[in-house]
Amino acid sequence: MRSRLMAVAFGVLAVAVTAVGCDENEDTRVVDDAASAPATAYSGPLSDSAERALECESKVFSKGGADRWGEGDAGASPEEGLKLYFEIEQPDVPRTGYREERREGDRVLYSLDADGRTKVAVIVAKGGEGRPGWGPESSAQCDPAELPESYTDSGPYEIWTDERGRRVPVTEVHSGEGAEHCDWQKAHVLSTGWGKGGRLFARDPEGVLPPGSLTARYDGSARLPGDARDTGYRYGDWELWLSDATPTKAYVRTPDGVEAWPATKEGFGCR
């Protein structure tokens with residue numbers, strides 16, 4: 001189960017995820033026979049978890065199995081079973097560009113690849129108790145930062161880079177606009193890790209976030225504390241600096257100066 005902080009981050013950015021999915025043409029084929037193939041095709045059993053087919057650079061981001069479905073939802077073909085995966089799971093992954101990587105009896109492995117490596121894997125199967133026709137049996141994905149840039153550039157996560165220009169996993173750091181359904185678009189949220197050690201910070205120059213949701217006021221003309229250190233994280237011309245003396249603030253250095261983003265309080269999130 002994902003951590004509570006991860007759930008909060010998803011709540012803050014949830015509408016952006018939905019928007020990406022809704023913008024795509026439902027009639028577009030999800031399977032592209034010309035899609036790039038992984039350098040090495042998966043050769044393991046398909047009766048196991050789809051996680052085994054992934055080729056992640058960091059930790060597996062999410063995995064799971066599908067719920068049951070009825071006759072009216074069942075797919076008449078493996079590709080329709082893959083489409084059912086998007087309907088049931090609502091994952092924040094691309095809906096097109098998949099390829100059939102392996103077929104074994106009544107199971108088919110579909111993969112989405114980036115730079116020749118599998119980043120999303122879905123095993124669809126035919127039949128089974130409570131699962132008539134074709135549908136998703138198991139699925140798994142790598143960190144969103146490893147998905148194709150053509151998708152993440154319009155996705156819910158702002159992908160940061162490290163000092164060498166490499167994309168950083170969203171589980172390490174990411175940012176994004178506030179949720180539209182709470183009318184928080186003019187605010188910005190920054191996550192520095194998920195789990196017990198992770199923190200959420202917010203940029204709220206216009207005060208659109210609920211009163212009392214931040215540990216301090218946003219400061220658009222701040223000074224870096226003496227012990228502030230450059231994390232090496234970058235998003236465009238933003239630089240992330242942190243201070244041990246003031247752990248409840250994240251300092252974002254821009255070409256115009258330094259901004260202090262206060263940490264959010266316990267329970268922060270868009271409901």
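**Stop 1: the tryptophans**

Select tryptophan 160 and tryptophan 238: both are buried. Keep in mind that this is a predicted model. The two rings form an aromatic pair, with 6.3 Å from centre to centre. The planes stand at 45 degrees to each other, and the pair is tilted. Now colour by secondary structure. Tryptophan 160 lies in the loop between β6 (158–159) and β7 (174–177). Tryptophan 238 sits in strand β11 (residues 238–242). The pair therefore ties together parts that are 78 residues apart in sequence.

Tryptophan 261 is buried, as is tryptophan 238.

**Stop 2: the rest of the cluster**

Trp160, Tyr235, Trp238 and Trp261 form one aromatic cluster. Which strand holds tyrosine 235? It is strand β10 (residues 229–235). Tyrosine 235 is partly exposed, because its relative accessible area of 30% falls between the limits of 20% for buried and 50% for exposed. Next, pick the C-alpha atoms of tyrosine 235 and glycine 165. They are 9.9 Å apart in space, while the residues are 70 apart in sequence. Across the structure there are seven aromatic pairs.

**Stop 3: salt bridges**

Turn to the charged side chains. Side chains of opposite charge can pair when their charged atoms come close. The structure has 13 salt bridges. We will visit some of them.

Select glutamate 79 and arginine 29. They form a salt bridge, and the closest N and O atoms are 3.0 Å apart. Glutamate 79 is in helix α2 (residues 78–89), and arginine 29 is in the loop between α1 (4–23) and β1 (62–64). The bridge thus ties together parts that are 50 residues apart in sequence. Is glutamate 79 buried or exposed? It counts as buried, with 15% relative accessibility.

Go on to glutamate 104 and arginine 102. This is a salt bridge too, with 2.7 Å between the closest N and O atoms. Glutamate 104 is partly exposed, at a relative accessible area of 36%.

Now select arginine 107 and glutamate 137. Their closest N and O atoms are 2.7 Å apart, and the two form a salt bridge. Arginine 107 lies in strand β3 and glutamate 137 in strand β5 (residues 134–141), so the bridge connects parts that are 30 residues apart in sequence. Arginine 107 is partly exposed, with a relative accessible area of 27%. Glutamate 137 is partly exposed as well, with 21%.

**Stop 4: a stop in helix α2**

Select isoleucine 88, which lies in helix α2. This isoleucine is partly exposed, with a relative accessible area of 27%.

**Stop 5: a charged patch**

Show the surface and select Glu57, Asp115, Glu149 and Asp153. These residues gather in a patch of negative charge. Zoom in on aspartate 115. Where is it? It lies in the loop between β3 (107–114) and β4 (117–126). Aspartate 115 is exposed, with a relative accessible area of 81%. Look at its backbone as well: phi is positive, at about 55 degrees, although aspartate 115 is not a glycine.

**Stop 6: another positive phi**

Finish at aspartate 183. Phi here is near 60 degrees, a positive value in a residue other than glycine. Aspartate 183 lies in the loop between β7 and β8 (188–192). It counts as exposed, with 56% relative accessibility.

Notes: Residues are numbered from 1 along each chain as its sequence is written. This is a predicted model: local features need pLDDT of at least 70, side-chain atom pairs count only at pLDDT 80 or more; totals for chains, interfaces and linings use all residues. Side-chain values use heavy atoms; hydrogens and water are left out. Patches are made of residues with over 30% relative accessible area and no salt bridge: like charges are joined within 9 Å, nonpolar side chains (Val, Leu, Ile, Met, Phe, Trp, Tyr) within 5 Å. Accessible areas come from the Shrake-Rupley method with a 1.4 Å probe; for residues, only the protein chains shown count as cover. A salt bridge is a side-chain nitrogen of Lys or Arg within 4 Å of a carboxyl oxygen of Asp or Glu. Lys and Arg count as positive and Asp and Glu as negative; His and the chain ends are not counted. The place of a charge is taken as NZ of Lys, CZ of Arg, CG of Asp or CD of Glu. Helices (H or I, at least four residues) and strands (E, at least two) are DSSP runs, numbered from the N terminus. Buried means under 20% relative accessible area, exposed over 50%, partly exposed in between (1.4 Å probe, protein chains only). Rings of Phe, Tyr and Trp (its six-membered ring) pair if their centres lie within 6.5 Å; planes under 30 degrees apart count as stacked, over 60 as edge-to-face and the rest as tilted.
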